[in-house]
Amino acid sequence: MIVSQWPEKVPPHKILHSLPERSAQMALVKGKNTKPELRVRRALHAAGFRYRLHDKSLPGHPDIVFRSRKTVIFVHGCFWHRHSDPNCKLARLPKSRLEFWEPKLDANAARDRRNKALLEDAGWKVITIWECQTTPSTIQSTIVNTKKQLEYITSNNDASKSPIRKFLNNTSLL
């Protein structure tokens, strides 16, 4: 009789995978077109906004880009990007393998800060929307706040105050 060293039912998170199996599993974690991102995009489109996606020429490859407003939106997962809101239940740290997860997640947050600083230094406005703000019960208020931010940015856009724009506004050409 052969006795198995594992119990009959082993939870999937307890099974140790080989490196290729683990790599294949982690490859399934999406970086673009996630559910929170799709919710935000749908709501913005319904509100009348048009945008570009994942501009590779900008630091951090922002999820949503408004070139004419020189504004970008990042839709961050609370877990992966370390949402600091104490009320966010999605940003908790795992209980096991903290020596692996803490440096990884801290590096993600540091990269986010670095990309935001690079964008702001280049004159871009950066809006961050967190996964916990995209639930069906919160998405509408999130979009209303984002719309207000975009309208404020547009009304205070430096391009509208350029000398050429002022000259044209003062003449009958416009």
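Guide: Contact here means heavy atoms within 4.5 Å. Helices (H or I, at least four residues) and strands (E, at least two) are DSSP runs, numbered from the N terminus. This is a predicted model, in which local features need pLDDT of at least 70, side-chain atom pairs count only at pLDDT 80 or more, and totals for chains, interfaces and linings use all residues. Residues are numbered from 1 along each chain as its sequence is written, and side-chain values use heavy atoms, with hydrogens and water left out.
Visitor: Which residues of α3 are buried?
Guide: W101, L105, N108, A109, D112, N115 and L119. Buried means under 20% relative accessible area, exposed over 50%, and partly exposed in between (1.4 Å probe, protein chains only).
Visitor: And what covers them?
Guide: The cover includes strands β3 (71–76) and β4 (125–130).
Visitor: What span should α3 have?
Guide: The expected span is 1.5 Å times one less than the number of residues. For the 24 residues of α3 (98–121) that gives 34 Å, and the end C-alpha atoms are 34 Å apart, which agrees.
Visitor: Changing topic, where is K70, and what is its phi?
Guide: K70 lies in the loop between β2 (64–66) and β3. Its phi is near 50°, a positive value in a residue other than glycine. Most residues other than glycine have a negative phi.
Visitor: Is K70 buried or partly exposed?
Guide: K70 counts as partly exposed because its relative accessibility is 35%.
Visitor: What about R97?
Guide: R97 is not a glycine, yet has a positive phi of about 55°. R97 sits in the loop between β3 and α3 and is partly exposed, at 48% relative accessible area.
Visitor: Which residue just after α3 takes a positive phi?
Guide: G123, at about 95°.
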